[in-house]
Amino acid sequence: MQKRIFGLESEYGIIFTPEGRKTLPVEKAIRFLFEKLITTEHFLNVFLENGARFYQDTGCHPEYATPECASPRQLIVYDKAGERILEDLQDYAEEKIREERIAGKLSIFKNNTDFVGNSYGCHENYLVDRDVDFYYLAEQLIPFLVTRQIYTGAGKVFQTQDGVHYCVSQRAQHIYQKISGTTTNDRSIINTRDEPHADREKYRRLHVIVGDSNMSEYTNFLKVGTCAVVLQMIEDNYINKDFTLRNPVKAIKDISYDVTCKRRLRLDNGREYSPIEIQREYCEMAQKYIEQYPVSDQLKDVVGKWQYVLDCLDDDPNRLSREVDWVIKRRMIESWLEKRGVGWTDPRVFMLDLQYHDIRLSRGLYSLLERKGAVERVLTDDEVLKAKTEPPPDTRAKMRGEFIKLARQNSIQYDLDWSNIRLGNLLNVRVICNNPFETDTEKVAELVRTIQRTNLRKTSLSKLVIQS
Amino acid sequence: MADTKQTQKPKKGGDGDGGSAGESGQKLAKKGEALKEEMDALVDEIDEVLEENAEEFVKNYVQRGGE
């Protein structure tokens, strides 16, 4: 597919640290986060002006789902905007907590694990053609997804009986299957959930749940961008090599534990490749592909960056201490240890790991590195700021975002999901928008006008369904 | 997993020893040194914001499993 819809869902870790006897259960802390978002929708599940969805998910995690985006770069703008939105809500929640006279600190982390074995996800969504054989697509994609962590991993400190270690990926050790239908037990690389939030005859959803949440814009861009290129190649039947791994679930863990990225994995055909070599094969195919097929400039840029990170990894992963989360974080921890003259067993190592992911700009260590110019950026602050309140201009999210603004200005009752807008006093008017590429906001504005007229005349509007 | 243990010190100048990837070894070493100085200065700033009760905080940071 040339035109594709992208979405990213991030679950955040949250903790309240009391400074006194009085504490606050996490359930309540989350309620405070949502209090600023008063709408007519269900509490703890709301759509935002930028078209995104913010809700409380399994295990009491605040979750932000980006609006429908039209490109990988746009997607990571909206993902970053989600961090900023959440930080605003955190400010508000902290104020509320103070009003309740509970002393303490609320912390929110964009990562995927605690240190005792719990995980929460970062899910990528790619709209794919219904005509493509899903299991073929998944099988082709899995060797790519298993090995990409060498430049998309967020890094993690962990302890075993023989000491403190560092691994490439946060999520890898929580993956137990190749493909499955559940997201909380037996987590898989690819989830079969098929909710395209679009015309089911035409599209299906590819739900990738193996990735790490990224702080680095560069890493995040590569994560989604390279996957977009590989998907397009699979759809065009361009991939002519077989990298089926003998044991992908074991491989994903082995790769995560190998910070050299060079240990070889056994393929189904008996051959052995390192993760760098497998990625190189995909990347080389992509380089040829972009010469022969129509590909956006953005994806060409992705392929250039892809080649660059693989060259660096091959030489010495430390060369990516400005670009790739797991290397940035490790470099930061190593520098700290060296200057403080202590080793990896120092308990603060775990805090350095965790605080790298703190979304508070004033506390987060990633944001400190960013402010000091110690990491490569892909985005500008201005575009992230704009994305907090403006929906993407080229997807259905535009209609939703514009509608939310109008409905709020006019105090109109509404309820939303990804492909429906319900409004009116009895939520009896429904706009179905099954085409995620549609951007016709005039339709929405007209509807709001109709409702206003009807409400003014105080007559009840009979049930109205508009197929957009 | 013993080989993942991070006991080795980060290479000084990081990437300057090979010089096989296009840039000259000297140039890379310089870049590495600059990066190291930059990081050194950052460590003090990290300490200004690093959670004071780090050990306690990490111990209490227990999340329920999500999706």
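This is a predicted model: local features need pLDDT of at least 70, side-chain atom pairs count only at pLDDT 80 or more; totals for chains, interfaces and linings use all residues.

Residues are numbered from 1 along each chain as its sequence is written, chains are lettered from A and ligands numbered from 1 in the order in which they are written, and side-chain values use heavy atoms, with hydrogens and water left out.

I begin with the sheet. In chain A, eight strands form an open, mixed sheet in the order β3-β4-β5-β1-β7-β12-β11-β10. Strands here are DSSP runs of E of at least two residues, and helices are runs of H or I of at least four, numbered from the N terminus; two strands pair if DSSP finds at least two bridges between them. The edges are β3 (45-47) and β10 (177-180) of chain A; each has a single partner strand, so one side of each is left without a neighbour in the sheet. On average, neighbouring strands of this sheet are turned by 20° against each other, direction ignored; axes are lines fitted to C-alpha atoms, for helices over the stretch in contact, and angles run from 0 to 180 degrees between N-to-C directions.

Strands β11 (residues 188-191) and β12 (residues 203-208) of chain A run antiparallel and are joined by two bridges. N191(A) has H207(A) in β12(A) as its bridge partner.

Helix α1 (residues 26-35) of chain A lies across β3, β4 (53-57) and β5 (61-65) of chain A, at about 165° to β4(A).

Next, is α5(A) mostly covered or uncovered? It is mostly covered, with 19 of its 19 residues buried, that is, under 20% relative accessible area with a 1.4 Å probe, protein chains only. At its start, a side-chain oxygen of S216(A) reaches to within 3.2 Å of the backbone nitrogen of Y218(A). Just after α5(A), N237(A) takes a positive phi of about 55°.

In helix α7 (residues 275-292) of chain A we find E281(A), which is buried at a relative accessible area of 16%. Leaving aside neighbours within four places in sequence, E281(A) is in contact (heavy atoms within 4.5 Å) with K241(A), F243(A) and Y273(A).

Finally, chain B has two helices and zero strands. Of its 67 residues, 33% are buried.

Terms used. Buried means under 20% relative accessible area, exposed over 50%, partly exposed in between (1.4 Å probe, protein chains only). A polar contact is a pair of N or O atoms within 3.5 Å; within protein, one must be able to donate a hydrogen and the other to accept it, and residues adjacent in sequence count only if both atoms are side-chain atoms.
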